[in-house]
Amino acid sequence: MDAAPSPALFFGDASAAPWSIRLAARNGARGIDRVYGLALGVDLFGVVTLDVSWGRAGTAGRMMRLAFADEAEAMAEARRRLARRATAKRRIGAAYVAAG
C-alpha cells in the first residue's frame with residue numbers, strides 16, 4: 001500500500017478526545033524506516049494536548065507535547081500535521097501508512 005492516508009479518514013465527524021494514530025513510512029531500498037504518531041488528550045488540569053512523536057523505527061525517537069485552548073484548535077493542528085505526512089511519498093520517497 002503506497003498511498004498516504006487521507007486526513008479525512010481519521011477525522012470524520014467524531015469528537016476527538018482522546019484518540020491516537022501511529023503511521024509508518026518504509027522503503028528498504030532507500031533505507032527509510034520512519035514512524036510518526038499523534039495522540040490527542042486532556043491533561044489533569046483540563047488542557048487539551050496533542051502529543052507528536054517521530055523518529056526512526058526501533059529508536060527512542062522524539063516527542064513534543066502541544067497545548068491548546070480547545071479541542072477544535074488541537075484538531076486543526078493534527079489535520080495540518082497529517083496533511084504534511086500525506087506528501088511524504090514525494091518528499092522522502094516513502095508514503096506513510098497506518099501502523100498497528
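Strands β2 and β3 form a hairpin with 5 residues between them. Glycine 46, in the turn, has a positive phi of about 85 degrees. Helices (H or I, at least four residues) and strands (E, at least two) are DSSP runs, numbered from the N terminus. The model is predicted: local features need pLDDT of at least 70, side-chain atom pairs count only at pLDDT 80 or more, and totals for chains, interfaces and linings use all residues. Residues are numbered from 1 along each chain as its sequence is written, and side-chain values use heavy atoms, with hydrogens and water left out.

Confidence was examined next. pLDDT is the predictor's confidence in each residue, from 0 to 100. Its mean for the protein is 86. A value of 70 or more is reached by 83% of the residues. Strand β4 (residues 62–68) has the highest confidence, at 97. Helix α1 (residues 7–10) has the lowest, at a mean of 46. Over residues 6–14, pLDDT stays under 50. The model has 12 contacts (heavy atoms within 4.5 Å) for this stretch beyond four places in sequence. Where pLDDT is low, the predicted coordinates should not be read in detail.

The strands pair in sequence order. Two strands pair if DSSP finds at least two bridges between them. Strands β1 (residues 19–27) and β2 (residues 32–42) run antiparallel and are joined by 9 bridges. Serine 20 stands opposite alanine 39 of β2. The β1 and β2 hairpin has 4 residues between its strands. There, glycine 31 takes a positive phi near 70 degrees. β2 also pairs with β3 (residues 48–56), in the antiparallel sense, over 9 bridges. Here leucine 38 stands opposite valine 52 of β3.

Aspartate 51 also lies in β3. Its relative accessibility is 18%, so aspartate 51 counts as buried (under 20% relative accessible area; exposed is over 50%, partly exposed in between, with a 1.4 Å probe and protein chains only). The side chain of aspartate 51 makes a polar contact with that of arginine 65, at 2.6 Å. A polar contact is a pair of N or O atoms within 3.5 Å; within protein, one must be able to donate a hydrogen and the other to accept it, and residues adjacent in sequence count only if both atoms are side-chain atoms. Beyond four places in sequence, aspartate 51 touches Gly37, Leu38, Ala39, Met63, Met64 and Arg65.

Helix α2 (residues 71–85) has 15 residues. Aspartate 70 caps its N-terminal end, with a side-chain oxygen 3.3 Å from the backbone nitrogen of alanine 72.

Note on methods. Expected span 1.5 Å × (residues − 1).
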